[in-house]
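Start with which residues face out and which face in.

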Amino acid sequence: MPLSILIPILNEPEGVKAILAQLAEGQVPPGSEIVFLSGCQDAATRELVLRSRDLHDKFKISWLEVEEKGIAAAWNLGLRAATGSILVTMDGDGAHHLSDVAILVKRIEAGADLVIASRHGAGHGYMPGRNVRDRVASLAAGWTFARKHRLKVTDPLHGFRARRRKLAESSADFLQRIAGNVWMGEETRFAVMRGYHVAEVPIAYRARLAGRENKRLMAELAPFLRSLVRN
(Lines give C-alpha, C1' and ligand atoms only; values in the text may rest on other atoms or scores of the structure.)
Protein backbone atom coordinates (compact mmCIF):
# COMPACT_ATOMS: atom_id res chain seq x y z
CA MET A 1 0.00 0.00 0.00
CA PRO A 2 1.30 3.54 -0.78
CA LEU A 3 2.74 5.05 2.40
CA SER A 4 2.80 8.67 3.62
CA ILE A 5 4.78 9.74 6.70
CA LEU A 6 3.89 13.11 8.26
CA ILE A 7 6.45 14.79 10.52
CA PRO A 8 5.66 18.06 12.35
CA ILE A 9 8.84 19.93 13.31
CA LEU A 10 9.60 23.04 15.34
CA ASN A 11 13.25 24.14 15.53
CA GLU A 12 14.48 20.54 15.46
CA PRO A 13 17.34 20.41 12.89
CA GLU A 14 19.13 17.52 14.64
CA GLY A 15 15.96 15.45 14.58
CA VAL A 16 15.48 16.19 10.87
CA LYS A 17 19.08 15.20 10.14
CA ALA A 18 18.45 11.88 11.90
CA ILE A 19 15.31 11.27 9.84
CA LEU A 20 17.17 11.99 6.61
CA ALA A 21 19.90 9.57 7.68
CA GLN A 22 17.29 6.89 8.39
CA LEU A 23 15.82 7.45 4.93
CA ALA A 24 19.28 7.02 3.41
CA GLU A 25 19.61 3.74 5.31
CA GLY A 26 16.43 2.46 3.64
CA GLN A 27 14.30 2.30 6.78
CA VAL A 28 11.10 2.83 4.75
CA PRO A 29 10.20 1.54 1.26
CA PRO A 30 11.36 3.52 -1.78
CA GLY A 31 8.61 5.69 -3.20
CA SER A 32 7.19 6.53 0.23
CA GLU A 33 5.90 10.06 0.71
CA ILE A 34 7.65 12.07 3.46
CA VAL A 35 5.95 15.33 4.45
CA PHE A 36 7.72 17.73 6.82
CA LEU A 37 5.28 20.14 8.49
CA SER A 38 7.08 23.22 9.75
CA GLY A 39 5.61 25.23 12.57
CA CYS A 40 8.11 28.07 12.19
CA GLN A 41 10.12 29.89 9.54
CA ASP A 42 13.14 27.56 9.68
CA ALA A 43 14.94 28.33 6.43
CA ALA A 44 18.12 26.41 7.30
CA THR A 45 16.30 23.14 8.03
CA ARG A 46 14.06 23.61 4.99
CA GLU A 47 17.15 23.98 2.81
CA LEU A 48 18.67 20.88 4.39
CA VAL A 49 15.60 18.86 3.39
CA LEU A 50 15.23 20.29 -0.09
CA ARG A 51 18.88 19.92 -1.08
CA SER A 52 19.01 16.20 -0.23
CA ARG A 53 18.73 15.40 -3.92
CA ASP A 54 19.75 11.74 -3.64
CA LEU A 55 16.83 11.14 -1.29
CA HIS A 56 14.42 12.99 -3.57
CA ASP A 57 15.26 10.42 -6.25
CA LYS A 58 14.05 7.62 -3.94
CA PHE A 59 11.22 9.27 -1.99
CA LYS A 60 8.52 11.86 -2.50
CA ILE A 61 9.73 14.51 -0.05
CA SER A 62 7.90 17.78 0.57
CA TRP A 63 8.05 20.68 3.03
CA LEU A 64 4.87 22.47 4.08
CA GLU A 65 4.64 25.61 6.20
CA VAL A 66 1.86 25.44 8.80
CA GLU A 67 0.20 28.84 8.84
CA GLU A 68 -1.93 28.24 11.94
CA LYS A 69 -0.36 27.81 15.37
CA GLY A 70 -0.48 24.50 17.19
CA ILE A 71 0.27 20.84 16.61
CA ALA A 72 -3.33 20.02 15.68
CA ALA A 73 -3.12 22.42 12.74
CA ALA A 74 -0.02 20.60 11.50
CA TRP A 75 -1.72 17.21 11.63
CA ASN A 76 -4.86 18.51 9.91
CA LEU A 77 -2.79 20.08 7.13
CA GLY A 78 -0.60 17.02 6.69
CA LEU A 79 -3.44 14.52 6.51
CA ARG A 80 -5.22 16.65 3.92
CA ALA A 81 -2.08 16.94 1.81
CA ALA A 82 -0.90 13.32 2.02
CA THR A 83 -1.56 11.02 -0.91
CA GLY A 84 -0.88 7.56 0.55
CA SER A 85 -3.42 4.93 1.51
CA ILE A 86 -1.59 4.41 4.85
CA LEU A 87 -0.86 7.63 6.74
CA VAL A 88 1.73 7.63 9.53
CA THR A 89 2.31 10.49 11.98
CA MET A 90 5.50 10.74 14.06
CA ASP A 91 7.58 13.31 15.94
CA GLY A 92 10.58 14.99 14.37
CA ASP A 93 12.72 15.26 17.51
CA GLY A 94 14.27 11.80 17.42
CA ALA A 95 11.94 10.12 19.92
CA HIS A 96 10.40 8.08 17.08
CA HIS A 97 12.42 6.07 14.58
CA LEU A 98 11.55 5.25 10.97
CA SER A 99 12.55 1.62 11.50
CA ASP A 100 9.42 1.19 13.64
CA VAL A 101 7.06 2.35 10.89
CA ALA A 102 7.09 -1.14 9.36
CA ILE A 103 5.60 -2.56 12.59
CA LEU A 104 2.65 -0.18 12.37
CA VAL A 105 2.16 -0.78 8.65
CA LYS A 106 2.18 -4.55 9.16
CA ARG A 107 -0.77 -4.29 11.56
CA ILE A 108 -2.66 -2.09 9.10
CA GLU A 109 -2.06 -4.64 6.34
CA ALA A 110 -3.34 -7.34 8.71
CA GLY A 111 -6.68 -5.56 8.98
CA ALA A 112 -6.45 -2.75 11.55
CA ASP A 113 -7.71 0.73 10.64
CA LEU A 114 -5.75 2.61 13.32
CA VAL A 115 -2.55 1.38 14.99
CA ILE A 116 -1.10 3.25 17.97
CA ALA A 117 2.54 2.88 18.99
CA SER A 118 2.37 2.41 22.75
CA ARG A 119 5.17 3.76 24.93
CA HIS A 120 4.42 1.01 27.44
CA GLY A 121 6.62 -1.98 26.79
CA ALA A 122 9.30 -2.98 24.28
CA GLY A 123 11.78 -3.30 27.13
CA HIS A 124 12.33 0.45 27.39
CA GLY A 125 11.64 2.95 30.13
CA TYR A 126 8.68 5.21 29.58
CA MET A 127 9.73 8.42 27.77
CA PRO A 128 13.51 8.27 28.42
CA GLY A 129 15.20 11.64 28.70
CA ARG A 130 12.03 13.43 29.82
CA ASN A 131 11.71 14.96 33.25
CA VAL A 132 9.49 13.41 35.90
CA ARG A 133 6.80 16.08 35.55
CA ASP A 134 6.36 15.41 31.84
CA ARG A 135 6.30 11.64 32.36
CA VAL A 136 3.71 11.82 35.11
CA ALA A 137 1.56 14.32 33.22
CA SER A 138 1.61 12.19 30.07
CA LEU A 139 0.77 8.99 31.92
CA ALA A 140 -2.02 10.64 33.90
CA ALA A 141 -3.53 12.29 30.83
CA GLY A 142 -3.53 9.07 28.82
CA TRP A 143 -5.01 7.00 31.65
CA THR A 144 -7.70 9.63 32.38
CA PHE A 145 -8.66 9.99 28.71
CA ALA A 146 -8.89 6.24 28.14
CA ARG A 147 -10.92 5.69 31.32
CA LYS A 148 -13.33 8.57 30.64
CA HIS A 149 -14.07 7.44 27.09
CA ARG A 150 -13.85 3.70 27.85
CA LEU A 151 -11.04 3.09 25.40
CA LYS A 152 -9.25 -0.25 25.67
CA VAL A 153 -5.82 1.16 24.82
CA THR A 154 -2.89 2.12 27.05
CA ASP A 155 -1.57 5.17 25.15
CA PRO A 156 -4.51 6.92 23.41
CA LEU A 157 -2.76 10.30 23.11
CA HIS A 158 0.47 9.14 21.49
CA GLY A 159 1.14 10.76 18.12
CA PHE A 160 3.23 7.94 16.62
CA ARG A 161 0.56 5.96 14.81
CA ALA A 162 -0.73 4.77 11.44
CA ARG A 163 -4.23 4.93 10.00
CA ARG A 164 -5.96 3.99 6.78
CA ARG A 165 -6.96 6.81 4.48
CA LYS A 166 -10.65 6.01 4.93
CA LEU A 167 -10.35 6.81 8.66
CA ALA A 168 -8.47 10.04 7.99
CA GLU A 169 -11.09 11.15 5.49
CA SER A 170 -14.09 10.25 7.64
CA SER A 171 -12.68 11.99 10.73
CA ALA A 172 -11.34 15.12 8.97
CA ASP A 173 -14.30 17.44 9.65
CA PHE A 174 -14.56 16.32 13.27
CA LEU A 175 -10.83 16.71 13.97
CA GLN A 176 -10.68 20.10 12.26
CA ARG A 177 -12.41 21.48 15.36
CA ILE A 178 -9.93 19.97 17.84
CA ALA A 179 -7.02 21.95 19.29
CA GLY A 180 -3.95 20.76 21.14
CA ASN A 181 -2.24 17.42 21.56
CA VAL A 182 -5.56 15.86 22.62
CA TRP A 183 -6.24 15.75 18.85
CA MET A 184 -4.70 12.26 18.84
CA GLY A 185 -6.95 11.14 21.65
CA GLU A 186 -9.97 12.44 19.79
CA GLU A 187 -8.91 10.52 16.69
CA THR A 188 -8.68 7.39 18.84
CA ARG A 189 -12.12 8.05 20.31
CA PHE A 190 -13.63 8.76 16.89
CA ALA A 191 -12.27 5.49 15.52
CA VAL A 192 -13.69 3.48 18.42
CA MET A 193 -17.09 5.23 18.29
CA ARG A 194 -17.42 4.62 14.55
CA GLY A 195 -16.52 0.95 14.76
CA TYR A 196 -13.06 1.06 13.20
CA HIS A 197 -10.59 -1.63 14.20
CA VAL A 198 -8.09 -0.03 16.61
CA ALA A 199 -4.88 -1.87 17.51
CA GLU A 200 -1.89 -1.02 19.69
CA VAL A 201 1.71 -2.24 19.55
CA PRO A 202 4.58 -1.54 21.98
CA ILE A 203 7.41 0.38 20.34
CA ALA A 204 10.64 1.75 21.81
CA TYR A 205 10.45 5.44 22.65
CA ARG A 206 13.85 7.11 22.42
CA ALA A 207 15.39 10.13 24.09
CA ARG A 208 14.94 13.38 22.17
CA LEU A 209 17.92 14.33 20.00
CA ALA A 210 17.15 18.03 19.89
CA GLY A 211 14.43 20.55 20.38
CA ARG A 212 12.37 21.12 23.49
CA GLU A 213 9.07 20.06 24.98
CA ASN A 214 6.74 21.95 22.66
CA LYS A 215 3.55 20.96 24.48
CA ARG A 216 3.17 23.37 27.39
CA LEU A 217 1.10 21.79 30.14
CA MET A 218 -1.09 24.82 30.83
CA ALA A 219 -1.71 25.45 27.13
CA GLU A 220 -2.77 21.84 26.70
CA LEU A 221 -5.01 21.79 29.76
CA ALA A 222 -8.02 23.65 28.31
CA PRO A 223 -8.48 21.50 25.17
CA PHE A 224 -7.87 18.37 27.24
CA LEU A 225 -10.58 19.30 29.74
CA ARG A 226 -13.00 20.13 26.91
CA SER A 227 -12.35 16.69 25.51
CA LEU A 228 -13.19 15.04 28.81
CA VAL A 229 -16.66 16.60 28.93
CA ARG A 230 -17.55 15.52 25.40
CA ASN A 231 -19.94 12.60 25.13
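On one side of helix α6, Val132, Arg133, Trp143 and Arg147 are exposed (over 50% relative accessible area, 1.4 Å probe, protein chains only; buried means under 20%, partly exposed in between). The buried residues of α6 are Asp134, Ser138, Ala141, Gly142, Phe145 and Ala146. They cover an arc of only 120 degrees around the axis, so they sit on the same side of α6. The arc is taken over the directions from the helix axis to the C-beta atoms.

The model is predicted: local features need pLDDT of at least 70, side-chain atom pairs count only at pLDDT 80 or more, and totals for chains, interfaces and linings use all residues. Residues are numbered from 1 along each chain as its sequence is written, and side-chain values use heavy atoms, with hydrogens and water left out.

Helix α6 covers residues 132–148. Its 17 residues should span 24 Å at 1.5 Å a residue, and its end C-alpha atoms are 24 Å apart, which agrees. The expected span is 1.5 Å times one less than the number of residues. Arg150 follows α6, with a positive phi near 55 degrees.

Now take α7, residues 165–175. Leu167, Ala168, Ser171, Phe174 and Leu175 are its buried residues. Their arc around the axis is only 115 degrees, which puts them on the same side of α7. Glu169 and Asp173 are exposed on the other side. The buried residues pack against α4, β4, β5, β6 and α8 (contact means heavy atoms within 4.5 Å).

Finally, the whole chain. It has nine helices and seven strands, which are DSSP runs (helices H or I, at least four residues; strands E, at least two) numbered from the N terminus. Buried residues make up 53% of its 231 residues.
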